Amino acid sequence: MRTFPIGGIHPHDNKEWSKDKAIEILELPDEAKIPMIQHIGAPSNPVVKKGDKVLTGQLIGQSTGYVSANIHATISGTVTAVDAYPNGQGQRRLMVVIKREGDEWMPEIDRTPDHKRECTLAPNEIIDKIREAGIVGLGGAQFPTHVKLSVPNDQKAELVIINGVECEPYLTSDYRNMVERAEMILTGTEIVMRAVGVSRAVIGVENNKPDAIAHLREVIARDNYKGIEVMPLKMRYPQGGEKQLIAAVTGRQVPPPPALPISVGAVVCNVSTAIAIYEAVQKNKPLIERVVSVTGKHLKSTHNYLARFGTSASRFFELSGLPEGDVKLLNGGPMMGRSVVDTTAPLIKGCSGLTVLSGEEAARGKELSCIKCAKCVSACPMGLEPYLLSKLAKMQKWDMAEEHNVVECIECGCCSYTCPSYLPLLDYIRIGKQTVMTNIRARAAANKK
Amino acid sequence: MNELLLTVLTLSLLGAVLAVVLYFVAQKFKVYEDPRIDDVEKMLPGANCGGCGFAGCRAMSEALVSRDNIASLYCPVAGGEVMTSIANFLGKTAPEKTPQVATMRCGGTCQKRPKVNHYDGALSCAVVNTFYVGESGCAFGCIGYGDCVAACQFGALTLNEETGLVEVDADKCTACGACVKACPKGLFELRKKWPKNRAIYVACRSKNKGAVVSKVCKAGCIGCGKCAKVCPFGAITVDNFLAYIDPEKCKLCRKCVNECPTGAIHIENMERLPKEPKPAPTVESKVETAKNE
Amino acid sequence: MQTRLFAAPSPHIHGGERTQQIMGDVILALVPALLVSTYVMGWRVLLISGVAIASCVLFEYLIQRFMLKGRTTIGDLSAVVTGLLLAFNLPAGIPWWIVVIGALVAIGIGKMTFGGLGCNPFNPALTGRIFLLIAYPVQMTDWTTCVPDGISGSTLLANVKAGAVQLSEIDYVSMLGGHMNGSMGEIGALALILGGIYLLWRRVITWHIPVAVLGTMLLFGICVALPEGGAAIWQTPLFHLLAGGALLGAIFMATDYSTSPMTHKGMIIYGVGIGLLTMIIRLWGAYPEGMSFAIFIMNAATPLINKYCRPKRFGTKKVM
């Protein structure tokens with residue numbers, strides 16, 4: 001069974017807490033706070049003002065550039081504020097607040113439950129629709145999908161890879177989508193194949209989800225989806241990383257930056273994104289909701305919700321019943337998720353789950369000195385030297401960190417996870433990466449002048 | 001006897017030959033260096049702190065010697081006197097700068113700005129700043145893990161465990177600016193150094209609206225503008241809901257201190273202006289200010 | 001209890017492996033060899049090991065507590081490992097005070113002067129042993145007290161080197177079981193191999209260093225024995241692998257984390273270097289045994305190996 005070539009770890013997948021919970025449609029929130037930045041790139045411009053009436057699916061944030069994404073109203077009602085509010089990390093971001101009145105949708109959105117498979121649109125029309133719908137990578141990276149699907153003229157796509165790996169422990173939203181909404185994923189995959197002009201697609205799924213693999217295969221056979229294949233992958237974190245997944249599926253390694261996945265002919269898309277693409281292209285439905293896992297060992301109940309963006313995080317925690325005592329709330333899973341410190345923060349596009357760890361589970365061990373065991377070097381899926389990068393960043397030797405390719409770090413956390421001395425390796429590497437990227441950008445800007 | 005002589009002779013000859021070789025090599029690769037560079041370097045403090053903007057004291061002395069106009073070169077550590085003597089030595093005009101001192105502009109003590117979460121990562125302000133606002137809800141305040149303390153070469157900064165804030169020892173501070181660079185929140189400012197280490201400044205950097213500030217911190221500037229109105233010298237400006245006292249215009253009259261409803265304007269080594277008793281929060285902040293000093 | 005909301009950068013979970021655990025595993029892996037030595041050589045083995053461990057831990061504590069005035073880290077068990085390994089490199093009959101001096105050198109000079117655990121360029125136990133070997137050559141090569149039944153005098157390596165024993169006379173089966181003369185820990189090949197397998201299974205070490213060291217010795221032995229032909233072709237390499245400190249060195253000493261390279265490729269270069277140097281010293285050097293020196297020399301080369309053997313970056317074909 002295939003997997004990616006170097007590094008990686010095997011954390012306990014902890015999927016059992018929520019994997020058997022069917023997707024529930026969360027009741028509409030009374031108020032939705034919709035951030036104007038839920039993607040990588042330039043923040044969107046609000047195109048509504050206080051007092052405006054909006055319908056569900058109406059454009060409220062216009063993208064401001066090529067790498068940017070539209071934002072739509074996720075509920076219908078009145079705009080009560082366009083102002084800065086804290087996100088999950090307490091940082092204040094521009095948000096549009098909508099107070100809900102009923103549930104009225106934009107008329108062009110097809111809300112019938114029937115599955116619509118046939119798509120005759122031209123590739124550029126598909127990509128336009130995806131851009132209009134404000135679709136971004138729903139696996140967590142939040143990279144605008146229309147940019148990803150626009151293959152440059154000098155490159156050629158050969159294969160579409162649909163990411164159903166969900167290697168992050170705890171999270172089960174992709175899994176539930178694969179089990180319950182396989183048709184949408186497969187039609188979405190067909191649309192992506194059409195958009196980038198390839199005839200073959202592979203859905204990579206880790207072997208800890210045998211029923212998802214079986215179900216997808218069954219639907220492919222039953223409904224005759226041509227050129228789509230399900231590939232079971234050997235469970236290993238971070239298989240869901242784009243480069244790792246491409247290497248696992250094709251055996252080809254994407255060269256170091258600035259090369260993109262397309263340089264080895266691959267276009268990668270998450271299963272949840274495939275669903276969003278299906279809905280946008282076939283049903284005219286912009287990206288206004290997603291499946292979110294609310295999971296954790298100590299929660300009173302765990303769920304997989306289909307929820308609208310802008311729903312307050314506290315709503316999810318109320319419904320699931322936070323445990324007593326110390327907790328750590330995560331937007332995402334325990335390996336790459338971000339700590340949530342403000343529960344008034346809204347659900348955003350990139351949030352595939354809310355994980356709750358008890359203080360005990362999350363507490364960091366006491367730091368000892370580095371014993372040079374090289375476990376971080378063996379675990380690094382990018383073939384870097386985390387112990388060295390961390391030290392260089394701590395000593396602020398940015399140039400040397402750049403020489404040692406700190407920018408290639410994908411922040412998967414394998415190094416900190418394996419370190420027997422409990423060193424916060426990634427904490428410092430992240431500073432190094434951010435500083436070096438800033439330096440590189442500054443140099444590029446200076447060269448342009 | 002012969003053997004002894006031979007040994008001595010061989011070694012002497014070898015020494016002589018090598019000395020000649022060394023001499024020629026040294027001549028060949030000789031680099032001319034202005035001897036004054038060494039002298040100037042000796043006059044500089046030798047802290048190699050980079051406060052002047054150069055890589056170290058050597059680089060600074062090279063610049064001082066080689067440049068005709070040294071008005072823009074200034075060693076904050078050495079101060080005006082040393083700079084004047086260096087300028088006299090080199091026969092150039094001394095740069096004029098008023099002495100400065102680093103000022104930490106956050107008054108959000110643990111009491112005024114309670115922690116709302118428990119940070120458990122690497123103990124570094126820069127790390128905290130990579131992913132969230134910090135343990136209090138304030139996105140602008142002191143994080144309190146002492147990156148500046150580590151950056152200060154002169155031991156002028158200490159982290160007060162009780163308040164959770166960093167304090168500057170004005171006597172030890174050389175205004176090298178290392179803390180200004182180290183603080184990810186940009187809390188430090190090099191301000192004019194008054195006699196007897198007197199100081200007055202707005203101890204807040206929050207650009208949030210007053211309502212947002214007061215939700216997370218009772219000592220923050222809410223941008224009410226009362227201070228700006230009362231200032232007779234026009235030294236105070238309010239921008240983005242944040243007051244700023246221009247150190248060049250301020251005359252230390254302290255009228256603004258009594259006006260500030262949150263006690264965000266800090267004074268050091270000075271008494272407040274006598275005035276009719278103020279309502280409770282100001283008295284409290286007075287105690288606070290006194291405690292801080 | 002007050003409820004706190006934790007916050008930290010990712011990752012939020014840890015694999016659970018700790019330094020103490022790794023050290024504990026190493027200690028556990030050394031126990032079989034210790035038992036074999038005790039069985040073969042008598043109770044003095046335990047006494048000397050005890051003295052070595054106790055003095056290493058004590059010196060580490062004293063230096064950290066009173067000279068460096070810092071946090072003491074004896075809890076990480078690394079001093080215990082150093083002590084045990086030091087003892088394994090000494091003859092059982094050695095006076096106890098020499099052991100204490102060895103421990104002082106191992107911890108004081110070998111480890112603490114460089115900044116403690118993880119910063120030492122040379123294996124501390126080896127530093128101690130080499131110091132003792134040079135300072136107390138008589139006691140360090142006194143193989144006449146506390147020896148296995150029926151054996152006294154020099155080690156097999158020395159005997160073979162001196163021509164006193166022919167390779168064909170050696171009983172390899174009893175060598176495996178520890179019936180030979182030598183330092184406390186280096187006899188009992190089977191027990192050492194068992195410990196090595198345990199370490200591999202626990203993923204404390206990888207196969208690269210031991211295999212590179214032993215493989216090189218094996219190949220070198222075969223090459224050297226080729227002209228002689230016949231039985232020597234298997235006797236020479238087998239003898240060199242089982243005799244002296246080859247197994248102890250390859251499995252336990254050379255794999256010390258801080259003094260060995262970080263990448264697998266580097267580990268192989270390092271291992272090959274150790275194997276070659278050991279054989280060269282054993283066959284043509286002044287000392288009968290060369291494992292300690294070989295490891296020591298390659299320790300010095302480790303930073304260089306680390307510099308040139310970077311891990312293979314994702315997406316690149318070959319990067320040295």
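Predicted model: local features only at pLDDT ≥ 70, side-chain atom pairs only at ≥ 80, totals over all residues.
Let me begin inside chain A, where 14 residues of domain 1 are in contact with 15 residues of domain 2 of chain A, contact being defined as C-beta atoms, placed from the backbone, that lie within 7 Å. On the side of domain 1 of chain A that touches domain 2 of chain A, ten residues are nonpolar, four are polar and none is charged; here Ala, Val, Leu, Ile, Met, Phe, Trp, Tyr, Cys and Pro count as nonpolar, Asp, Glu, Lys and Arg as charged, and the others, Gly among them, as polar.

Residues are numbered from 1 along each chain as its sequence is written, and chains are lettered from A and ligands numbered from 1 in the order in which they are written.

Domain 1 of chain A covers 1-28 + 107-363 and domain 2 covers 375-448, with bounds that come from an automatic or database domain assignment. Taken over C-alpha atoms, the centres of these two domains of chain A are separated by 27 Å.

Turning to the neighbouring chain, 15 residues of chain A are in contact with 14 residues of chain B. On the chain A side, β16 (338-340) and α14 (425-448) each supply at least two residues, where helices (H or I, at least four residues) and strands (E, at least two) are DSSP runs numbered from the N terminus. The most comes from α14(A), with five residues, and by class this side of chain A has five nonpolar, five polar and five charged residues.

Now to the backbone. Most residues other than glycine have a negative phi, and most peptide bonds are trans. The bond from Tyr237(A) to Pro238(A) is cis, with omega near 0°, and Pro238(A) lies in the loop between β11 (228-233) and α6 (242-250) of chain A. Another cis bond joins Pro257(A) and Pro258(A), with omega about 10°, and Pro258(A) sits in the loop between α6 and β12 (266-270) of chain A.

As for phi, Glu411(A), in the loop between α12 (398-403) and α13 (414-418) of chain A, has a positive value near 55°. Is Glu411(A) buried or exposed, or something in between? Glu411(A) counts as partly exposed because it has 17 C-beta neighbours inside 10 Å, the scale being buried at 20 or more other C-beta atoms within 10 Å, exposed at 12 or fewer, and partly exposed in between.

How values were computed: Contact = placed C-beta atoms within 7 Å.
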